[in-house]
Amino acid sequence: MNTDLAAELAIISYSDLPELLFTLDIENEYVQAFLQNNNTVIINWRGTDEIKDWLRNGDFDLVTTPIGQVHSGFWEAYKAVRPQLKKRLESVKFCKIVLIGHSGGAACAQISAADIPLWDG
């Protein structure tokens, strides 16, 4: 995936488009997934946008997780979406996942990059 497409998808994460594979808005944590070339799922995490996001960013105690020590605010944001994300990904046939995000979304993208390979199934 080229950087222009990644930048465009990061911008799109602040809006809704009908051609999305799926959108998750759980506890105001917003994730979009796109299907590219019928074999790549692009998961786009929305970044810091609202006051609650800034408060989450400031919640920087470390917590122990299945992937190691993680910023507690970003872990909570990821954890809120994780069950539905897993369920949705299990229903899609794909060969590769590309994870992108901006700001707090980039943190969630990195957390998911470490966590998704640990999922059962």
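User: Which side chain does a polar contact of 3.0 Å join to D115?
Analyst: That of W119. A polar contact is a pair of N or O atoms within 3.5 Å; within protein, one must be able to donate a hydrogen and the other to accept it, and residues adjacent in sequence count only if both atoms are side-chain atoms. The model is predicted: local features need pLDDT of at least 70, side-chain atom pairs count only at pLDDT 80 or more, and totals for chains, interfaces and linings use all residues. Residues are numbered from 1 along each chain as its sequence is written, and side-chain values use heavy atoms, leaving out hydrogens and water.

User: Is D115 buried or exposed?
Analyst: Buried, at 0% relative accessibility. Buried means under 20% relative accessible area, exposed over 50%, partly exposed in between (1.4 Å probe, protein chains only).

User: What joins the side chains of D115 and Y78?
Analyst: A polar contact of 2.5 Å.

User: New topic. How many aromatic pairs are there?
Analyst: Two. Rings of Phe, Tyr and Trp (its six-membered ring) pair if their centres lie within 6.5 Å; planes under 30 degrees apart count as stacked, over 60 as edge-to-face and the rest as tilted. W45 and Y78 have ring centres 5.8 Å apart and planes at 50 degrees, so they are tilted.

User: And the other pair, W75 and Y78: why is it tilted?
Analyst: Because the planes are at 50 degrees. The ring centres are 5.5 Å apart.

User: Which residues form the aromatic cluster?
Analyst: W45, W75 and Y78 form one cluster. W45 is buried at 2% relative accessible area, and Y78 at 0%.
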